[in-house]
Amino acid sequence: MSDAVVELENVWKIFGERASDAMDAVRQEGIGKPEVLERFGAVVGVKDASFSVAKGEIFCLMGLSGSGKSTLVRHINRLIEPTAGTIRIMGEDIGAMKAEQLRATRADKIGMVFQNMALLPHRSVRDNIGFALELRGMDGYTRAKAADRALETVSLHGYGDRLPSELSGGMQQRVGLARALAADPEILLMDEPFSALDPLIRRNLQDEFLSLSQDVKKTTVFITHDLDEAIRMGDRIGIMKDGEIVQIGTAEDIVTAPADDYVADFVAGISRLKLVSASKIMVSPEKHGPINGDGYPVARPDDDLDTLVGLSTGSEKPVLIKDGDVLVGVVSKDTLLTGLQGGAEA
Amino acid sequence: MSGAEKIEVEDRDVSVGTFVAQNEPYFSNVFERLQRSELPRWHMNIWGLLVPWLWASLRGVWLMFWLALAIDILAIVCLMQVVKFTPLLEEALKNPEANTTLIPRYTGWINTYNAMGWILLIGGRFWMGSQANRWYYNQYSRWRIDHAVAHGVVFKRVVIGLVIMAICAPLTTYRATQIRLDERACISQVRTAETVEDLLARYNVDDFASLERSVADEITVLQTAFDRLDGLENPSDAEKAERTQTRRDLRAMTREGEAVAEYQAITPKDRFDCNFIDDFPTLARFDAPPEIRYRRVPDEEARATGDEDATKVIVQESPPVEGRRINIFTYNAEAIDTGINYLRAQYAGIFDAMTNVLRQSLIRVEVAFMQTPWPVVAFLFMALAWAYTNRATTIFVAGSLAFLAAFELWQVAMQTMALVVVATAICVFVGLPVGIWMAKNKLFRWINEPILDVMQTIPSLSYLVPAVAFFGISQPPAVLATVIFAIPPMVKLTALGILQVPESTKEAALAFGASERQLLRKVELPMAIPSIMAGLNQTIMLALSMATISAFIGAAGLGALVTESLGDAQAGKGLLAGIAIALVAMMIDRILRGIRASFSRI
């Protein structure tokens, strides 16, 4: 991708005192995780991860706890040093940066939101939000202005002088988000930002973040262990297992064509109504047989199953899928039901 | 995502059979009954009853091993008292009239120890027998969670157990049969050995027969010489002197001859007793080091060439007293003395400068406290209490101040305050950076932690001695001793406060581009403030308590009153001064606590 803002190339992270020995052994002998643990007492945290995120895209990294997603995201701002591989932020190799340059990049270009908020308990909300700006040496007045603007974006105006402990969990996470946005960074790293919140507030914040995202167009790496959230938020999703990215694709790709049993298990319970498009389940007109007369409902190939169900309930006849005026496929009620169940490819 | 969450089950065998390795049916049965609480109280493990330590070590139930060993040794020690006292009783019975007190005492002891020994032995065994399987079951439960817990039947463990028993049991048993050793006997043993060694070297012989012969010859020679001199009718002065000298030599020689006989009379049992069953034996004795004194004197040579104030350290060395042998403790204590003398002489300027700085700052603070009119000081205290604490505390502060004023202790108390303030200030200025460094550097922490522990546990009085050695007797060394005593909580709690800052908060600060310095200043220190304040509070309290003790080396104030009254055995005076110290301490503590509470935002 030419306009990639975040690029990771063959990133490895091995924890342990003999990490570099273990890395060599992995390279030369191709040993697996258990052998690394046994021979070097080292734990493989991230295994050969590569992906890139385009400008303005929301990329979701999803996996269960312990799958290495939080470790991986900390490589992007080099809170964790990779054992091998390169990470580029807007074309610049972050691993090659000097300390001062790295700090500048972290403060100006990357904002981060944490699962446990990690606000400073002794500072007011406004001073918390202005923290990154303060670190860059910005004067108090400009800082306060910027902080108030950020507070407004997360609809918390007027809360600037409270202490974090006075706010509820959801509000604290809004502050966390405002803090990440205050320096107007290019990139947002969100480490399970909504996981610790209760479902209603989570949903609320997700919606708000999505609409906010449309306005500010930040390149976002979003970590979650919740597939529903990943599907809601992510333009693309990377699924991690045991430190390895097993599949990258859009929500539809992952639901309709899971890369392996692990991913298939994951997506088994997901509603396909809004995810799968007609083109994925339709049967070619030749296979379906003759189509006689009129009154057939018509849909486009990228309409989702929800639309097809709507059309299909109003008529006895199968739905025709037309790309422009060309008939590309047919969806009968049987096909639709199988498709909903997820058995279309089987 | 139901199916996706695979629970990783470690492939482990947690069956009773794997755990016990041998005799599975028996243990399966016992464990099951235990689980159902159907095992009767009197259930016995026969091996646990008969040879509990062997069984326990074989099965790896180490707690039981140690308990069984301890009970058995205790029982045997009791029974050995019987062995010890029976011959004494027999001896006493030979002459019943003369030993009317001893006989009933020995009889009583023998009976009591006998009964206790058997009760311990038998009761202990039954306890072990009944508990063995229960403990073993507990171990099984722990093993199911953690496979590193000892399991199975391992004969290596029996060997370890036997070695432990071989080290502990025979020596303790033997010790129990012996009457308490005479400490002097062991010292004279060492001395005799030294004398004999010297003699062997002097006569250049290596067997006792020739040594005895040589000594006897020498004695004969001396005796003949003495007899000749003693037989003279009219000895001249020179002859008289020679006679005295010969008599002295003869006596010394006779003593040495006795030492040889004594040395040969030492039995291996005596030697064993002195080396193994009582105090740790004297390992080595050294020739005493020469006595060295350092003194700083005007350097005349340098002065002659124009350097007006030149001084130099001169060393006065007196050779060691011949034949004075000392043990390791004394040797090192004297070496430290020599070292301190050297530092004191060599760097007199530095010590004087430190003393001076301390004295000057102390004087300033004392002026501030003592020369400020008392109503002002009292008002300030009251205002602080009013602003930061509740009404009850304010009344308490008022009462305390009234106590100090009414008993005419005001100025003295202010002197104590000044000392505490200076000491605390030094503690903060030194303790804070050291604490931060400790939090940041693992190695420094590893080195410093034991040092701080030692500083806290050394009796506070022993600080006074080196303080006096370096700085003499006056207020400054008292301040220094106070600082050393009071600084550990400041350092420790600073380090603790910084270490307690959650990793996630620090990570967030780093993620927003904080440098190490910014992290410390803007995140770690502010968040450590409550802990640091607690450290400050403790430091002040310790400084106050040390203020009394440092009065021994010249600290003025309430402490001096206490030590004075101790010297004069004036209980009332000492008690009143003590109460005053307690009141000052409580006032400061309460006010500081209030300030802390109102500043803490976390």
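1. With 15 C-beta neighbours inside 10 Å, B:Glu194 counts as partly exposed. The cut-offs run as follows: a residue with 20 or more other C-beta atoms within 10 Å of its own is buried, one with 12 or fewer is exposed, and one in between is partly exposed, the C-beta atoms being placed from the backbone.

2. This is a predicted model, in which local features need pLDDT of at least 70 and side-chain atom pairs count only at pLDDT 80 or more, while totals for chains, interfaces and linings use all residues. Residues are numbered from 1 along each chain as its sequence is written, and chains are lettered from A and ligands numbered from 1 in the order in which they are written.

3. B:Glu194 sits in helix 8 (residues 183-203) of chain B. Helices (H or I, at least four residues) and strands (E, at least two) are DSSP runs, numbered from the N terminus. Leaving aside neighbours within four places in sequence, B:Glu194 is in contact with B:Arg285 and B:Arg325; contact means that the C-beta atoms, placed from the backbone, lie within 7 Å. Between the C-alpha atoms of B:Glu194 and B:Tyr263, 69 residues apart along the chain, the separation is 9.8 Å.

4. Chain B holds 24 helices and 4 strands. Its radius of gyration is 37 Å, well over the 25 Å that the globule rule gives for 602 residues, so chain B is more spread out than a compact globule. That radius is taken over C-alpha atoms, and the rule is 2.2 Å times the number of residues to the power 0.38. Of the 602 residues, 25% count as buried.

5. Where chain B meets chain A, 21 residues of chain B are in contact with 25 residues of chain A. Helix 21 (503-511) of chain B gives the most to the chain B side, with 6 residues.

6. In chain A, 3 strands form an open sheet in the order 11-12-13, with mixed pairing. Strand 11 (298-299) and strand 13 (326-331) stand at the edges with a single partner strand each, so one side of each is left without a neighbour in the sheet. Two strands pair if DSSP finds at least two bridges between them. Strand 12 (residues 319-323) and strand 13 of chain A pair in the antiparallel sense over 5 bridges; in strand 13, A:Gly329 is the bridge partner of A:Ile321.

Key:
Two residues are in contact if their C-beta atoms, placed from the backbone, lie within 7 Å.
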